[in-house]
Structure formats: structure tokens, C-alpha cells
Amino acid sequence: ILLSDSAIMARSNARLVRFAFFALLLILSAYILSKGSSSSYAVSNNSPHSVADIKESLNQKHGTSNAAANSNSNSNSNTDNSKSIANANKKIIAGDKVKATFVTLARNSDVWEILGSIRQVEDRFNRNFGYDWVFLNDEEFSEEFKRETSRLVSGKTHYGLIPHDQWSFPEWIDTNKAAETRERMRQEKVIYGDSISYRHMCRFESGFFFRHPLMEQFDYYWRVEPGVKIFCDIDYDIFKFMQDNDYEYSYTISLPEYQATIPTLWETTKHFLKEYPQYLHPNNFMDWLSDDGGVTYNGCHFWSNFEIGKLDFWRSDAYLAYFDYLDKAGGFFYERWGDAPVHSIAVGLFMDKEKIHFFDDLGYYHVPFNNCPVNEQTRLEKNCVCNPNDDITFKNYFCNNKYYKLKGLKKPEGWEKYGD
């Protein structure tokens with residue numbers, strides 16, 4: 001069949017149109033692929049978290065400083081806090097930062113568990129702010145611990161050795177009497193009742209963590225322990241929030257202490273107050289600690305595995321005198337006084353109660369308890385990944401109903417579905 005010149009021309013034009021269409025499609029595909037390869041996971045050339053920078057940092061960073069108490073400070077630095085970090089859509093916020101740090105008491109064997117905690121805190125908060133992290137140990141940190149932890153922290157990492165006298169029996173302690181207590185508590189199945197190391201930990205957290213030379217450069221701290229979870233985005237500078245609102249202590253979970261571990265703690269505290277009445281704050285929170293005007297202790301305490309606070313409070317004359325009084329009484333070893341009730345009683349007695357803050361928007365877990373925002377709007381806005389049915393905040397066994405009542409706070413919308 002013979003085609004006319006016009007038909008041949010039409011077919012030729014059709015081929016050109018199809019060719020042009022496919023060429024355009026290929027170009028568009030190549031463009032999309034090239035954009036995909038620089039997604040939100042990309043790291044800018046200036047980022048301190050590029051692979052080359054991480055390798056160089058790990059090779060150079062483990063020099064030892066001459067801080068007191070045989071501490072060493074090793075830097076995984078974001079010295080320029082305006083630089084981008086691993087998520088290119090997020091920026092470390094520039095400007096005046098608070099002198100604050102995370103602080104963790106850990107053993108070398110805790111390294112893999114603490115990495116999970118660091119990842120939680122970094123993803124939910126610190127990747128945007130680049131605050132430092134202090135690690136403390138009663139023995140030298142291993143190179144593995146330093147390497148693994150420093151690669152995840154956005155700010156500088158510091159590694160400190162606890163002095164021996166802060167992690168041992170004081171000279172005034174009768175070690176035979178202390179051993180008898182541990183054996184009795186073991187038989188009575190008191191949690192950690194037979195543990196020596198747990199007692200050293202409680203004493204250290206009660207009276208010494210804030211005195212470590214590495215902590216002297218900071219005004220605020222956030223205590224983080226291995227195995228914890230943060231359920232919600234923290235899209236504001238939590239340390240600046242504490243500073244701007246003049247808060248000195250904050251928490252996420254409160255509950256009663258095991259009375260078998262602190263049988264004489266309150267009596268010892270009352271003796272202290274009788275000798276040092278000047279330290280009792282006129283706007284104290286005694287009514288949260290005691291249901292009978294201070295005669296007995298109801299056990300309510302802030303669960304100190306999470307606490308954000310102002311270090312000046314622990315450095316105050318009132319608290320230092322209180323800790324020294326408790327330490328000389330021997331209850332950390334003759335009983336099993338925990339740092340949580342010690343901290344909480346001090347906060348409740350020596351601090352203005354208006355300077356205490358409860359965080360209801362973070363979402364927090366430490367085995368076995370959950371804090372999950374009960375307000376649905378908060379969970380949606382903060383990208384929370386917790387089940388409000390697991391929240392213990394307004395359960396009657398715990399101490400937050402009393403906290404809200406005494407401070408005249410309005411409970412969040414929807415709390416009735418999850419509380420008592």
C-alpha cells in the first residue's frame with residue numbers, strides 16, 4: 001500500500017512526539033531519583049555527624065583531661081550549635097543556651113542498654129539542642145563505652161571517675177551491723193535489700209553526683225538511666241523552660257516508697273529540723289509528704305530515675321547539711337535509704353513548692369511504670385507512641401492526685417478515662 005507524502009509526514013511526527021515524551025519521562029525519573037538520594041537522612045558536608053568526621057572524632061577524641069577526682073572529659077563536639085545534624089530538616093537551635101547537661105551513672109557493662117536511652121533522648125529532644133552528657137562510674141570507663149556512647153550524643157561527652165570515698169563504707173559505719181541488715185532484708189525479700197552496690201549508688205546519688213568536678217560547669221541537669229524510654233517529641237528547650245519559669249525540680253512519676261527500706265528516715269529528718277529549723281522553707285510542701293501535719297511520712301516521693309533540676313539546690317547549705325546529717329546517721333547502710341525519698345523529702349521541706357514542676361507532656365517509662373499523656377490532643381501534637389491505658393499518673397496508689405490537689409492544678413482533659 002502506497003502512502004501519501006502527508007501520511008508519511010504524520011507518522012514521522014508521531015514518532016518524534018512519542019520519543020520526546022519518553023525522553024522527558026526519563027529525565028523526570030532521573031531527577032526524582034537524584035532527589036531521593038539526598039533525603040532527610042543525608043548529612044551536610046558541614047555536619048559534625050558526617051561519617052568522615054565521626055571516624056576522625058573517634059580517632060582523636062579520647063585524650064584525658066586533668067579534672068579533679070581522676071575524671072576525664074572526652075568531647076564528641078557540636079561546638080557550633082547552629083550546624084545541621086543527622087536529620088537535615090532539623091537544626092540545633094542557636095542562641096543563648098542554658099548551662100545544662102544530662103548525667104548518667106553507669107557501669108561499662110551497661111553500655112548497650114544506655115545506648116537505647118541515649119537514642120531515645122536524642123531522637124525526641126537533644127538532636128535539636130546539642131546539650132552535653134556526663135557519664136560517671138566507680139571504675140574507669142572502657143574505650144568501648146566511650147566510643148559507643150559518644151557517637152550518639154549531639155553535644156560533648158564527659159567521662160568521670162567517682163572518688164573511692166564516695167563509693168565505699170564511711171569510716172563511721174559498723175560494717176558488721178550493716179551486714180546483719182543486709183542478711184535480714186534478704187530473708188525478708190526486701191528489694192535490693194542485700195545489695196552493697198545499690199546502697200553505694202543511693203548514697204552517691206543523694207550526696208555526691210552534683211559535687212563531681214565535671215558537674216561544676218553546669219547549672220541544670222537531666223538524670224537519665226539505662227533502659228528508659230521517652231514517648232513524645234520535646235520540641236522546646238526543656239532546660240530553658242526550667243530556667244525561664246524559675247523551676248528548680250521536675251519529675252514525671254511519683255509513688256510511695258517501700259516503708260521497710262526507710263523505717264527511721266522520717267524520724268531522723270524530724271531530728272534534723274529540730275536542730276536546724278531555719279532550713280524549713282515557709283512555702284514548703286510538707287502536706288504532700290505527710291498526711292498528719294508532719295508526724296509521720298506517707299512515703300510519697302518523686303521517682304528520681306527521671307529528674308530535671310537546678311544544681312544550686314543540691315549545693316545549698318540546707319541540702320548539704322541535711323545530707324551530712326543523714327550520712328552520719330548511717331541509714332544508707334543500716335537500712336536501705338534510697339536517693340528518691342531523700343531527694344523528695346529535701347525538695348518538699350527546703351524548696352518553695354512553686355518551684356516544683358510535673359511534666360505531663362513528655363511520656364516516660366522506667367520499668368515497671370509508664371507516664372503517658374492522657375490528653376489525646378497532646379499525644380497527637382507530640383507524636384507520642386504510648387498507650388494511655390498504661391499511664392499511672394492519676395491512679396490512687398500513686399501520689400499525683402495529691403500533688404494536683406495541693407497545688408490547685410486542673411487535671412488534663414480526658415484524665416477520668418485513665419485515672420481513679
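1. Tyrosine 258 is found in the loop that runs between strand E7 (254-256) and helix H8 (265-275). With Ile191 and Tyr192, Tyr258 makes up a nonpolar patch on the surface, and together the three have about 320 Å² of accessible area. The model is a predicted one, and the remarks below should be read with that in mind.

2. On the overall make-up, the secondary structure comes to 15 helices and 12 strands. The protein has 420 residues, and 51% of them count as buried. Among contacts with a separation of 6 or more, 79% are between residues 24 or more positions apart.

3. Aromatic pairs come next: the whole structure holds 58 of them. One of these joins phenylalanine 102 and phenylalanine 125 in an edge-to-face arrangement, at 6.2 Å centre to centre and with 75° between the planes. Phenylalanine 102 belongs to strand E1 (residues 100-105), while phenylalanine 125 is in the loop between helix H3 (111-124) and strand E2 (132-137), so the pair ties together parts that are 23 residues apart in sequence. Phenylalanine 102 counts as buried because its relative accessibility is 0%. Phenylalanine 125 counts as buried too, because its relative accessibility is 0%.

4. A further aromatic pair, tryptophan 288 with phenylalanine 302, is stacked: the centres are 4.4 Å apart and the planes are at 10°. This pair links distant parts of the chain, with tryptophan 288 in helix H9 (residues 286-289) and phenylalanine 302 in strand E8 (residues 300-302), 14 residues apart. Tryptophan 288 and phenylalanine 302 are both buried.

5. Asparagine 126 also deserves a look. Asparagine 126 is placed in the loop between H3 and E2. At 0% relative accessibility, this asparagine counts as buried, since buried means under 20%. Leaving aside residues up to four places away in sequence, asparagine 126 touches Phe102, Val121, Tyr131, Ser154 and Gly155. Phe102 in that list is a member of the edge-to-face pair described in point 3.

6. Two lysines can be checked against tyrosine rings. The charged end of lysine 97 sits over the ring of tyrosine 131, at 4.4 Å from the ring centre; Tyr131 is also among the residues that asparagine 126 touches. For lysine 177, the charged end sits over the ring of tyrosine 334, at 4.2 Å from the centre of that ring.

Note on methods. Residues are numbered from 1 along each chain as its sequence is written. This is a predicted model: local features need pLDDT of at least 70, side-chain atom pairs count only at pLDDT 80 or more; totals for chains, interfaces and linings use all residues. Side-chain values use heavy atoms; hydrogens and water are left out. Patches are made of residues with over 30% relative accessible area and no salt bridge: like charges are joined within 9 Å, nonpolar side chains (Val, Leu, Ile, Met, Phe, Trp, Tyr) within 5 Å. Accessible areas come from the Shrake-Rupley method with a 1.4 Å probe; for residues, only the protein chains shown count as cover. A salt bridge is a side-chain nitrogen of Lys or Arg within 4 Å of a carboxyl oxygen of Asp or Glu. Helices (H or I, at least four residues) and strands (E, at least two) are DSSP runs, numbered from the N terminus. Rings of Phe, Tyr and Trp (its six-membered ring) pair if their centres lie within 6.5 Å; planes under 30 degrees apart count as stacked, over 60 as edge-to-face and the rest as tilted. Buried means under 20% relative accessible area, exposed over 50%, partly exposed in between (1.4 Å probe, protein chains only). A charge sits over a ring if NZ of Lys or CZ of Arg is within 6 Å of the ring centre and within 35 degrees of the ring normal. Contact means heavy atoms within 4.5 Å.
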